[in-house]
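Subject: Structure for your files

Dear colleague,

Here is the structure I said I would pass on. My notes on it follow below.

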Amino acid sequence: STDQKCSCSFKEGELLKEKNNPRVYVIENCSKKHIFDEFTFNQKGFSWDKIKTVDDLSICHDGGVIKIEKKKNNFIYKFKRFLGVGDFGKDVKQLQIFLNKQDFLLSKKGLGSPGKETDFFGKLTQKALIKFQEFYKDKILKPIGLSKGTGYFGYSTLKFVNSLIGGDKNKEETRFKRNLFKGLKGDDVVYLQKILAKDKIIYPEGIISGYFGELTQRAVQRFQEKFKIYSKNDKNFGVADLRTLKKIEEIQGDS
């Protein structure tokens with residue numbers, strides 16, 4: 001601070017923490033203000049990689065606590081399909097309403113803002129969803145081996161959102177949105193692997209990684225042979241294409 005009476009030598013806006021102390025502070029008006037929790041940190045737009053660790057902050061006056069209260073959830077809707085950029089529908093609008101109610105605003109004004117949600121999944125929805133995914137990264141991203149949000153409303157995100165709003169946790173009605181083959185990764189691959197793993201003969205390894213590797217390919221091939229979808233001479237043998245995925249969804253529905 002340029003205030004000569006200020007004893008705090010750190011710069012305005014700096015994010016700081018002391019060694020062996022998990023509390024994170026921001027310097028404001030020549031004082032240190034404790035950021036109450038992760039929700040507040042993210043909602044204020046702070047960056048985790050900007051936090052500096054210092055030896056001692058006692059020289060700075062205590063400026064109190066910064067805390068943003070979470071809004072109570074009064075949202076009731078069960079999502080039933082994957083959603084991505086370019087999609088239309090009632091469920092897209094419901095997703096926007098959900099994100100806005102959770103304070104992951106699409107926009108503060110105009111289209112996408114609270115009360116002005118639309119049925120189109122565009123860049124605003126994608127950006128808000130990425131923030132939501134990264135805020136709940138331990139629940140959504142880490143289980144499928146990701147560290148950054150994708151902005152795609154797939155299996156892992158759908159499952160978590162439905163659990164938050166009281167949807168059926170045990171039988172999510174989902175639909176695949178693309179062909180799956182070796183080299184791909186994503187929460188739709190996780191969903192595929194979970195279904196295949198229910199049959200120990202088809203997928204004995206049962207690895208749920210979110211990556212479509214050789215083991216998953218072999219499992220798809222066994223599935224295709226079992227239900228007489230493709231044989232070894234077919235070009236889509238080992239590819240979870242529309243025909244294969246429809247049968248997989250059918251099996252999931254019967255389980």
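**Overall fold**

Among the contacts in the protein chain with a separation of 6 or more, 56% are between residues 24 or more positions apart; contact means heavy atoms within 4.5 Å. This is a predicted model, in which local features need pLDDT of at least 70 and side-chain atom pairs count only at pLDDT 80 or more, while totals for chains, interfaces and linings use all residues. Residues are numbered from 1 along each chain as its sequence is written, and side-chain values use heavy atoms, with hydrogens and water left out.

The protein chain has eight helices and five strands, in the order β-β-β-α-β-β-α-α-α-α-α-α-α along the sequence. Helices (H or I, at least four residues) and strands (E, at least two) are DSSP runs, numbered from the N terminus. Of the 255 residues, 45% count as buried; buried means under 20% relative accessible area, exposed over 50%, and partly exposed in between, with a 1.4 Å probe and protein chains only. The chain exposes about 14600 Å², and carbon and sulfur atoms supply 50% of that area (Shrake-Rupley method, 1.4 Å probe; for residues, only the protein chains shown count as cover).

**Strand β3**

All five residues of β3 (residues 31–35) are buried, so the strand is largely enclosed by the rest of the structure. The burial applies to both faces, with S31, K33 and I35 on one side and K32 and H34 on the other.

β3 pairs with two strands (pairing requires at least two DSSP bridges). With β2 (residues 25–28) the sense is antiparallel, over four bridges, and Y25 stands opposite H34. The hairpin of β2 and β3 has two residues between the strands, and N29 there takes a positive phi near 50 degrees. With β5 (residues 61–66) the strands run parallel, again over four bridges, and I35 stands opposite I66.

**Helix α5**

Seven of the ten residues of α5 (residues 155–164) are buried, so this helix is largely enclosed too. The buried ones are Y155, S156, T157, L158, F160, V161 and N162. Their cover includes α2 (90–101), α3 (123–135), α4 (137–140) and α6 (187–196).

**Largest pocket**

The largest pocket holds about 650 Å³ of space. It is lined by 19 residues, of which N42, Q43, G45, F104 and K131 lie nearest its centre. Helices α1 (38–43) and α3 are the elements that give two or more residues to the lining. By class, the lining has six nonpolar, six polar and seven charged residues.

On terms: a pocket is an open set of points on a 1 Å grid over the protein atoms alone, where a 1.4 Å probe fits, with protein on both sides within 12 Å along at least five of seven lines; lining residues have an atom within 4 Å of a point. Points are joined across faces, edges and corners, and the volume is the space filled by probe spheres set on them. Ala, Val, Leu, Ile, Met, Phe, Trp, Tyr, Cys and Pro count as nonpolar, Asp, Glu, Lys and Arg as charged, and the others, Gly among them, as polar.

**Two loop residues**

D103, in the loop between α2 and α3, has a positive phi of about 75 degrees although it is not a glycine. D103 counts as buried because its relative accessibility is 16%. K228, in the loop between α7 and α8 (242–254), has a positive phi near 55 degrees. K228 counts as exposed, at 71% relative accessibility.

Regards
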